[in-house]
Structure formats: C-alpha cells, structure tokens
Amino acid sequence: MRYSACIEWLFATEEPDVANRVRAAKAAGLEAVEFWRFSNKDCDAIRQALDETGLTLAGILCEPIAPLTNPESHQWFLEGVRTSLGAARQLGARVIIAQAGDNQPGMARAAQHAAIVKVLKEAAKILEGSDVVLALEPLNDRVDHPGYYLTSTEEGLDIVDEVARPEIKLLYDIYHAAVMGEEIEVLSGRLDRVVHVHLADTPGRGEPGSGRMDYAERLEWLEAQGYTGLIGLEYKPSGPTVETLRFRDGLGAD
C-alpha cells in the first residue's frame with residue numbers, strides 16, 4: 001500500500017509551518033500528502049515543498065463547502081468547483097473532495113439524492129478534460145457529522161453510477177464506514193468507482209492500532225481486490241507522528 005499524510009493532523013504538532021509538514025512526510029517515507037482547505041494556506045510555499053520533495057498532492061477540498069442536497073446552493077458550489085480546479089492545477093492535485101452536505105429539513109431524501117446527482121453532472125462538465133476528479137465523500141453522522149445526509153457508502157456508489165461520468169468518483173473513508181457499521185465488502189464489484197481511501201481507527205479517530213477496528217483486514221481486502229490508489233492517513237496522532245506510523249511495519253511497508 002502507498003500512503004498519503006493528511007497534514008492537517010499529521011506532523012502538525014512538530015511543524016507549525018504547513019510546507020515543512022510536506023518535508024516531514026517525505027522524511028518519514030510517505031509517498032504523498034493531502035490537506036483540507038487551500039484558501040487558508042500558502043500555496044506557493046506548498047508547491048515549492050512538493051517540487052523539492054517529489055511528493056504528490058493526493059487531494060484538497062472543493063471550496064467553498066456548499067450543501068449539494070440544497071438546489072439553492074448549486075451555483076455557489078459550481079463556482080467553487082472552478083476555483084478549486086484552478087488550485088488543483090497549481091498544486092498538482094488529481095482529486096478535489098466534495099461533501100454532500102446536511103439533510104435538508106422538509107425535503108424528501110429522494111429529492112436530495114436527485115439534487116446531488118444533478119449538480120455533480122454539471123460539475124463533471126467543468127472538470128472535463130482536466131484530468132482532475134471530484135470525489136464525493138460519505139461521512140458518519142453518529143460521532144463526527146450529526147445531520148449529514150450521505151452516510152451510506154452504497155448510496156454514494158449509486159450516486160456515482162447515476163452521474164456516470166469519469167470525472168466523478170467516490171472517496172471511501174474506512175473510519176466513517178466503520179462508525180456507521182459498514183463492512184468493507186460494501187465495495188464488492190464496485191471498487192473501480194473509488195478514487196481515494198481514508199484511514200483512521202475507531203473509536204477515537206486515532207492512528208491504526210489505537211482503537212479496535214480490524215484495519216489490517218480491510219486494507220488487505222482492498223489490496224486483494226486490486227485497489228492501487230493511495231491510502232490517506234487522516235487520523236489524530238496520539239503521539240509524535242513518526243511513532244504513530246509504525247503500524248505500517250506489519251503491513252509490508254518499506
């Protein structure tokens with residue numbers, strides 16, 4: 001497996017400067033980095049650190065975050081897709097990550113589902129030919145994101161299938177899925193819809209091995225099924241980041 005460090009949390013205690021977290025990730029033997037918002041960061045300094053280290057940028061958030069479940073926010077979201085595409089090109093990111101937004105009171109789930117499909121079809125047109133993919137991310141509503149609409153990986157895959165465009169894929173988060181009680185087999189036969197994977201342990205959202213989740217079995221399943229993408233380490237380190245990366249030693253990492 002190849003790993004990407006989410007430098008919002010990894011190396012954050014050791015390196016206040018985000019660009020230096022890129023360098024720290026390289027020194028720790030990671031293959032890529034990722035972060036959330038680009039609008040609050042020095043993108044020129046990050047680009048320089050990426051060039052210097054040879055690391056790739058696995059992904060950034062699509063900004064501004066707008067609820068896809070609400071048709072009134074669609075124009076705002078699509079403007080954000082254009083802006084985020086520009087940032088992705090500047091930084092060399094191949095994925096921009098979008099969240100579905102909260103459940104809309106008084107609006108049927110079927111209507112919200114249809115709204116997400118509709119706006120993602122429009123987003124695909126903006127991304128066409130760019131070699132940048134928008135990844136829709138299911139999240140858990142039991143611990144971290146109360147009120148969030150898209151908590152089901154299966155529904156997320158259905159949305160990707162209904163959009164039916166190569167520019168729109170799924171981000172599969174092992175932590176969020178586990179909190180929702182999903183097994184990794186929900187991806188059976190549909191793994192090609194997944195462009196990126198996130199990992200943290202549960203409970204607590206710490207590093208793999210800090211909780212009780214069968215993370216090794218889930219990673220092994222992904223590998224056995226032919227997943228060749230990055231595993232984004234989006235966890236809260238319980239100690240020095242380098243020490244928390246030792247979980248890789250038992251998984252065949254270099």
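**Exercise 1.** State which elements cover the buried residues of α2, then work out how α2 is placed.

*Solution.*
Step 1. The cover over the buried residues of α2 includes α1 (18-27), β2 (32-34), β3 (56-61) and α3 (74-91). Contact means heavy atoms within 4.5 Å. Helices (H or I, at least four residues) and strands (E, at least two) are DSSP runs, numbered from the N terminus. The model is predicted: local features need pLDDT of at least 70, side-chain atom pairs count only at pLDDT 80 or more, and totals for chains, interfaces and linings use all residues. Residues are numbered from 1 along each chain as its sequence is written, and side-chain values use heavy atoms, with hydrogens and water left out.

Step 2. List the buried residues of α2 (residues 43-53): Cys-43, Ile-46, Ala-49, Leu-50 and Thr-53. Buried is under 20% relative accessible area, exposed over 50%, partly exposed in between (1.4 Å probe, protein chains only).

Step 3. Look down the axis of α2. Its buried residues fall within an arc of 120°, so they line one face of the helix. The arc uses directions from the helix axis to the C-beta atoms.

Step 4. Turn to the face away from the buried side. Asp-44, Gln-48, Asp-51 and Glu-52 are exposed there.

**Exercise 2.** Describe what lies at the start of α2 and what follows α2.

*Solution.*
Step 1. At the start, a side-chain oxygen of Asp-42 comes to within 3.3 Å of the backbone nitrogen of Asp-44.

Step 2. After α2 comes Gly-54, with a positive phi near 80°.

**Exercise 3.** Name the residues through which α4 and α5 meet.

*Solution.*
From α4 come Arg-109, His-113, Ile-116, Val-117, Leu-120 and Lys-121. Their partners in α5 are Glu-155, Asp-158, Ile-159, Glu-162 and Val-163.

Conventions. A polar contact is a pair of N or O atoms within 3.5 Å; within protein, one must be able to donate a hydrogen and the other to accept it, and residues adjacent in sequence count only if both atoms are side-chain atoms.
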